[in-house]
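Here are my notes on this model, as numbered points. Please read them with the structure open.

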Amino acid sequence: MKKKESKNHANPLGLDAKREKAGSETFRKYNYQYHWAFCRMLDEHSEGNEYAIFVEEHEDVTLANSLDGESALFEFNQIKEISSKSTVSSLSKDKKDSVSPLKKLANSVCNKQFSDRISSVNFVSTGGFSFDFHKNGFSLEVIEVGLLTEDEKAKILESISEIDKEKILENKLAFIIPGLPEKGFDLVVEGKISQLINKHSPGCTYNSSSIYDCIIRDLQRKGENSFDYLEWETSLKKKAVTSRQLDKIISQHIKIKPDENLTTELLDILKNEYSLSSLKRRKIVSAFNRYYTAKLSSRDAELHKVSSIMKKIIESSFDDFSTAKELEEYVLNKEKDLLESYFPIREDFSGAFLYELIS
């Protein structure tokens, strides 16, 4: 038998060493901060917190702890993907052609109109740090400036004293060693997505790669947007990825099968009390399943508000109607503006109503 010839020929472009390799390294460092932001977002989401995360907005990664622009506090993070340990000297001394890393950080957050709403300011470095307490064998993931020796703390604060005149960094500055590895960080993020879904919606089927693709593309697209926005809601839409947005994307990419008894009762009601074509019934069943999944996986306050309103109307009016279809019309008319705004497609409302009725 004739041996099959290998098609793995030599690469003509690989016979000589590349002249420039800095491009791929620069992209990896650039890409690292987006994945660090993604991880930070997943940590907040896992704890059930509301947030908005911005990349390249005053600092590399900025986290707002609320979607309410009136009350949100902000965490600023400068991300350094480097191999060497940072010392007090390397952090605080200017170079010939650039200011020190700490001066750069201070310039981002001090003397701003939002300075009084800063919760923390973090210098994040993959290379780690070399402070005096490390000589005693300590290894901390988060090193607050107050943990340093008086001499180290004095040198750091003195180096930014001309910028930080109100001394906001004296209590809010911290140094962080990230848990995200320098290579293979995309796989780590996908793993964290799986952990998040299994924590909040165990037993469902999902596609973590699709969720990852949606979010990382949106983070990068919004991070590359260099425009300033004066309105908070516009800023959230154009520059941030929010807890509400991640909830929506997760609910679109996971499937949770409703209890068999719920499904049976739903089909019985649609068959006996609604005069619908098979296609209409199928649309309502799909809407029922989506709403069921959203109720289990979403922390959206608006969803739970709508759910609560529908439940109250159903419970107070249940005995006044002979069919589910009649009750559905009554519930819709009772809160028409709210419900039609939240459910612009009628089948979506029908599916949600029937879930609240029989669940």
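1. In which sense do E3 and strand E4 pair, and over how many bridges? They run parallel, and 7 bridges join E3 to E4 (residues 118-125). Two strands count as paired if DSSP finds at least two bridges between them. Helices (H or I, at least four residues) and strands (E, at least two) are DSSP runs, numbered from the N terminus. Within this pairing, Ile 79 stands opposite Val 124 in E4.

2. A word on the basis. This is a predicted model: local features need pLDDT of at least 70, side-chain atom pairs count only at pLDDT 80 or more, and totals for chains, interfaces and linings use all residues. Residues are numbered from 1 along each chain as its sequence is written, and side-chain values use heavy atoms, with hydrogens and water left out.

3. Buried means under 20% relative accessible area, exposed over 50%, and partly exposed in between (1.4 Å probe, protein chains only). E3 also pairs with strand E2 (residues 59-64), in the antiparallel sense, over 4 bridges. There, Leu 63 stands opposite Glu 75 in E3.

4. Now strand E1. It spans residues 52-57 and is mostly covered, with 5 of its 6 residues buried. E1 and E2 run antiparallel and are joined by 5 bridges. Ala 52 has Ala 64 in E2 as its bridge partner. The hairpin of E1 and E2 has 1 residue between the strands; His 58 takes a positive phi near 75 degrees. E1 is also joined to strand E8 (residues 240-242) by 3 bridges, again antiparallel. Phe 54 stands opposite Ala 240 in E8.

5. Ser 243 deserves a look. This residue belongs to helix H9 (residues 243-253). Ser 243 is buried, at a relative accessible area of 4%. Apart from neighbours within four places in sequence, Ser 243 is in contact (heavy atoms within 4.5 Å) with His 45, Asn 49, Glu 50, Tyr 51, Leu 67 and Arg 299.

6. Salt bridges next. A search of the whole structure finds 13. The criterion is a side-chain nitrogen of Lys or Arg within 4 Å of a carboxyl oxygen of Asp or Glu. Side chains of opposite charge can pair when their charged atoms come close.

7. How far apart are N and O in the salt bridge of Glu 44 and Arg 40? The distance is 2.8 Å. Both residues lie in helix H1 (residues 22-46), 4 residues apart, about one turn of the helix. Glu 44 and Arg 40 are both buried. A network of salt bridges links Arg 40, Glu 44 and Glu 75. Glu 75 is the E3 residue opposite Leu 63.

8. Compare the pair in helix H4 (residues 150-159). Lys 155 and Asp 151 both lie there, 4 residues apart, about one turn of the helix. Their closest N and O atoms are 3.5 Å apart, in a salt bridge. Lys 155 is partly exposed at 47% relative accessibility. Asp 151 is partly exposed too, at 48%.

9. Lys 280 and Glu 347 also form a salt bridge, with the closest N and O atoms 2.9 Å apart. This pair links distant parts of the chain: Lys 280 is in helix H11 (residues 278-297) and Glu 347 is in helix H15 (residues 346-358), 67 residues apart. Lys 280 is partly exposed, with a relative accessible area of 39%. Glu 347 counts as buried, at 15% relative accessibility.

10. Ile 313 lies in helix H12 (residues 301-317). At 9% relative accessibility, Ile 313 counts as buried. Beyond neighbours within four places in sequence, the contacts of Ile 313 are Tyr 330, Val 331, Lys 334 and Glu 335. The C-alpha atoms of Ile 313 and Lys 334 are separated by 8.0 Å, with the two residues 21 residues apart along the chain.

11. Last, helix H6. Its buried residues include Phe 185, Val 189, Glu 190 and Ile 193.
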